[in-house]
Amino acid sequence: PSRLTAADRPRRIRPGFTMAELLICLALAGALAALAGPRVVALRGGQAVRGARGEVVAVVEAARAAALQRGRTARVEVRRDMLRALVDDGSSAGFVVVSTADLGREYAVRVLTGVPADTLVFFDGRGLASPRLGRTARLIVQARAGGQRDSVCISNLGLLLPPGCVP
């Protein structure tokens, strides 16, 4: 009987990838991630700014609506990255909160003001704003990552100006 040697035996083909194939795939995936990473960060920052701007508009509109409904003074306060809409309740207690938005926590954005006086915007009982005489109040929403920004401007008539306003 003849014996089969290792060279004579049929080779078994093992399924899978070689180390070289895996390294090439990893290198390609790394290159794609390096190219796409900054765009993903910018996209997330832009979405956060748009969402936060919508929240700022909602808080400002809540303050103005409360002033008009109750015929009393209302105000929007900016403290760090948080906004509050308050209205005078007519009692000795003072103002009651009608709306809040913590934009730093919810959207990872900062809230800046055009000038320090814009941290308080008042609406009288007729819905007219008094940010500064003859000027508009400007609240700026800026993403912490990516640097995208947008503004919400409030005229003396209590109206919101179009997006991207620059008074």
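Trainee: Which residues form a nonpolar patch on the surface?
Mentor: Phe17, Met19, Leu22, Leu23 and Leu26. Together they have about 590 Å² of accessible area, calculated by the Shrake-Rupley method with a 1.4 Å probe, where for residues only the protein chains shown count as cover. Like charges are joined within 9 Å, and nonpolar side chains (Val, Leu, Ile, Met, Phe, Trp, Tyr) within 5 Å.

Trainee: Is Phe17 buried or exposed?
Mentor: Phe17 is exposed, because its relative accessible area is 67%. Buried means under 20%, exposed over 50%, and partly exposed in between (1.4 Å probe, protein chains only). Phe17 sits in the segment before α1.

Trainee: What should I know about the model itself?
Mentor: It is predicted: local features need pLDDT of at least 70, side-chain atom pairs count only at pLDDT 80 or more, and totals for chains, interfaces and linings use all residues. Residues are numbered from 1 along each chain as its sequence is written, and side-chain values use heavy atoms, with hydrogens and water left out.

Trainee: And what is the average pLDDT?
Mentor: The protein chain averages 85, and 90% of the residues score at least 70. pLDDT is the predictor's confidence in each residue, from 0 to 100.

Trainee: New topic. How many helices and strands?
Mentor: Two helices and seven strands. Along the sequence the pattern is α-β-β-β-α-β-β-β-β. These are DSSP runs numbered from the N terminus: helices are H or I with at least four residues, strands E with at least two.

Trainee: Which residues have the most contacts inside the largest nonpolar core?
Mentor: Val56, Val76, Leu83, Leu103 and Phe123, in a core of 29 residues. α1 supplies the largest share, ten residues. Such a core is a set of buried Ala, Val, Leu, Ile, Met, Phe, Trp, Tyr and Cys residues joined through side-chain atoms within 4.5 Å.

Trainee: What does Phe123 touch?
Mentor: Leaving aside neighbours within four places in sequence, its contacts include Val60, Ala63, Val76, Leu128 and Ile154. Contact means heavy atoms within 4.5 Å.

Trainee: Last one. Is Ser99 buried or exposed?
Mentor: Ser99 is buried, because its relative accessible area is 18%. Ser99 lies in strand β3 (residues 95-102). Not counting residues up to four places away in sequence, Ser99 touches Val59, Ala62, Leu83, Arg84 and Ala85.

Definitions and conventions. Patches are made of residues with over 30% relative accessible area and no salt bridge: like charges are joined within 9 Å, nonpolar side chains (Val, Leu, Ile, Met, Phe, Trp, Tyr) within 5 Å. A salt bridge is a side-chain nitrogen of Lys or Arg within 4 Å of a carboxyl oxygen of Asp or Glu.
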